[in-house]
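Please have the sequence and the structure at hand while reading.

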Amino acid sequence: MPAKPRLAVVKFASCDGCQLSLLSLEDELLRLAGKIEVAYFLEATSRIEPGPYDVVLVEGSITTADDATRIQQLRRAAKYLITIGACATAGGIQALKNWADSEEYLRAVYARPDYIRTLATSTAIADHVAVDFELRGCPINKHQLLEVLRSLLAGCQPRTPTYSVCVECKRRGSVCVMVAHGTPCLGPVTQAGCGAICPAYDRGCYGCFGPSDQPNLVPLTDHLRSIGMTPEQVVNSLRGFSGYAGEFRRESERLVESIGTIATGVGAAAVEPDVADSSGEWGDGQPGGDPK
Amino acid sequence: MSEHQGQTRSIRVEAMTRVEGEGGLDIRLLDGRIEQVNLNIFEPPRFFEAFLRGRPLEDVPDITARICGICPVAYQMSSVHALEAALGVEISPEIRRLRRLLYCGEWIESHALHVHMLNLPDFLGFDGALEMAQAHPERVERGLQIRKLGNQLLDRLGGRAIHPINVAVGGFYRAPTRGELSEFVKPFEAGLRLAEEATREIATLDFPVFDQAYDLVALVHPDEYPMNEGRIESCDGLSIAADEFPNHFVEQQVPHSTAMQAIRLETGKPYLLGPLARIQLAFERLAPEARRLADEVRFQPPCRNPFYGILARSLELVHAFAEAIDILKTYTPPRPPRIAYAYREAVGGAATEAPRGLLYHGYGIAADGKVTHANIVPPTSQNQGQIEADLRDYLPQVLSLPDREVADACEKLVRCYDPCISCSTHFLRVRIDRG
Ligand code: SF4
Ligand code: SF4
Ligand code: SF4
């Protein structure tokens, strides 16, 4: 990194929440601003400097043809490109349209669909260009963002944990909502980073940080069904803010197929939950496949 | 005169800065006459109203929060109130107060961001807060400290500041203990003093002279400053129940924008929402601290100059601190934290006051608790028509300047409304303009 690296913060389809995390670093912002040159950050400053940039933070997903072009140009101007948040890393909540009829969506929302130009899909930045690092979450955790920027300033490759929310949940000392109350929780298959917020507030994790490293989806979805969720509800819970991320997507699509077989009464046994097995594997809050 | 015949002058702001979300500004003059003034919104559409259909109603507050990272609580509040109206759920007074407290946290966070980091640099002549910090570190530091208090309250009560996880239809997933909230009283009293001090300074800024004949609209409640509930009122005498909103306000789609623009049906004209509207329609309901300060700095509604938005917002910051302190001091955890409900086929609508103004949500739900339709009307798409009308009226004051300076002046005016462009890409009921 040069003495004063140049930073750009760029937005695609998103809510601004992830870039706002940077401005929410109240105690560190001014010191940080002394060490980097903020060359492009529309939300914060009217000063607009052309590239190249040493570090580019990309928020949002690609949903228009113009944006698909813009991300290519941006990649060429970026030495180190970091995607911030579920929109940029997985397509975001707006990726729900990837499973729907996008023409119908247009008609449902706009009286004059012809005024609107949009692609049929919402896709992650990594589907378009090479990404050097990704920060998960909807929104990202601002402390993780700070760590990543500090690592880069120190010339180190940033790292963030890839284990599951369960690990953080136990570290925090929360009661496991799934074991104690039978509340559905995606913590066992969701990547850590938030600090396991939801269980600390008596609710299950809804997976906003996306899949953890090698998540065991099938035992979890089997268990969710064993505690009373319908297959449709399980699909719905996987199709959230990171629903289009690899493992979540594949599992929800597998379940949708199996719902078809249940409906016709064929192969129901194949998706019957094995309660004893699944609860033994992770229902006690032990995340399957995580570094212990 | 004749050599100017047919001469077009175009002034553009390619990408507006220090606003939430992305948009531009297009101004076209023909022979010195204003031909066209467009606030262009090029936020890509995200189709929330479409994909909410079929989702369980419990998902709605979490999903609609993602429309805007700056005011997620507003989306959560309007959605839970609308769904509770549909379900016939009566929340307890304790839950109601806790919701107001959460909303105070968001007003503080959002107003502090706009006042101290986005808008103040315009008055003091800087590109942004980071640049301003070199000359006025104490001002920026103070703004950050004020904002931090709002964020910390949101963190504690909502689980996190951006997209809180603790808001549920019927109440909260978990009510904080008394101890978890009482430790906020002292820092908030200090925050109140900071907000008062900042307001005094802001009142001494140089405000451009520019008065508009606004139709001001806000949620008005007999005893409270506008926030979670009330009737929708305007300064010309409109007074309707909040769920009547769709019968009085319509949105129209315009070609240069992915957002809609709203007008009032009765007048066929745009209207203004936000701090200036609230402070005018509910001045007496401001907390005593804020009212005293308004008198002291000689802020007296009616104020019809949009550049004073920063002062109205500063006074609302003082109000939000005072109200939060009051709730914090008398807090008892609601039991239960969440009121149970049964599904039924129904429709419901509600409005609350987002930091930028009235935010309406309307939903239809099916007997199995799934959403059948969703209507979301964010404040910025409602204000857009008024912003363009104001630009037209403001332009003659600045047209003699070079293009670059005209563009800057217009951008400064637009910033005064604290537009949130990320939010404004939404549908409600649409009247197609075939003109
Ligand atoms: S990931 Fe979530 S918080 Fe971040 S921009 Fe997208 S919707 Fe907003
Ligand atoms: S499954 Fe239990 S331990 Fe894991 S995150 Fe959820 S509540 Fe925590
Ligand atoms: S617990 Fe799960 S849903 Fe909640 S904030 Fe963390 S990752 Fe997101």
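**Domains**

The model is predicted. In chain B, domain 1 is made of two segments, 8-45 and 388-434, while domain 2 covers 48-382.

| Pair of domains | Distance between C-alpha centres |
|---|---|
| Domain 1 and domain 2 of chain B | 24 Å |

Within chain A, 14 residues of domain 1 are in contact with 12 residues of domain 2. On the domain 1 side, helix α4 of chain A (residues 86-90) provides the largest share, three residues. By class, that side of domain 1 of chain A has six nonpolar, seven polar and one charged residues.

**The sheet of chain A**

Chain A has an open sheet of five strands, ordered β2-β1-β3-β4-β5, with parallel pairing. Its edges are β2 (37-41) and β5 (133-135) of chain A, each of which pairs on one side only. From one strand to the next, the twist averages 20°.

Ile84(A) stands opposite Leu135(A), a residue of β5(A).

Two helices that pack on the sheet can be described through the strands they touch. Helix α3 of chain A (residues 65-77) touches β1 (6-11), β3 (53-59) and β4 of chain A. The direction of α3 makes about 130° with that of β4(A). Helix α6 of chain A (residues 142-153) packs on the sheet by touching β3, β4 and β5 of chain A, and its direction makes about 160° with that of β5(A).

**Contact between chains A and B**

The contact between the chains involves 47 residues of chain A and 52 residues of chain B. On the chain A side, the elements that give two or more residues are α1 (17-23), α2 (29-35), α5 (102-109) and α9 (197-200) of chain A. Of these, α1(A) gives the most, with four residues. The chain A side of this contact has 27 nonpolar, 10 polar and 10 charged residues.

**Ligand sites**

Which residues come nearest to ligand 1? Of the 15 residues around ligand 1, these are Cys15(A), Gly17(A), Gly85(A), Cys87(A) and Cys138(A). Helices α1 and α4 of chain A each supply at least two residues of this shell. Its residues divide into seven nonpolar, six polar and two charged. The site of ligand 1 is shared between chains, because residues from both A and B surround the ligand.

Around ligand 3, chain A supplies Val165(A), Thr190(A), Cys194(A), Ala196(A), Ile197(A), Cys198(A), Cys205(A), Tyr206(A), Gly207(A), Cys208(A) and Phe209(A). Chain B supplies Ile165(B) to the residues around ligand 3. Since residues from chains A and B surround ligand 3, that site is shared between chains as well. By class, the shell around ligand 3 has 10 nonpolar and two polar residues, with no charged residues.

Conventions:
Residues numbered from 1 in each chain as written. Chains lettered and ligands numbered in written order. Predicted model: local features only at pLDDT ≥ 70, side-chain atom pairs only at ≥ 80, totals over all residues. Near = placed C-beta within 6 Å. Nonpolar A, V, L, I, M, F, W, Y, C, P; charged D, E, K, R; others polar. Pairing = 2+ DSSP bridges. Axes fitted to C-alpha atoms, helices over the stretch in contact; angles between N-to-C directions. Contact = placed C-beta atoms within 7 Å. Domains from an automatic or database assignment.
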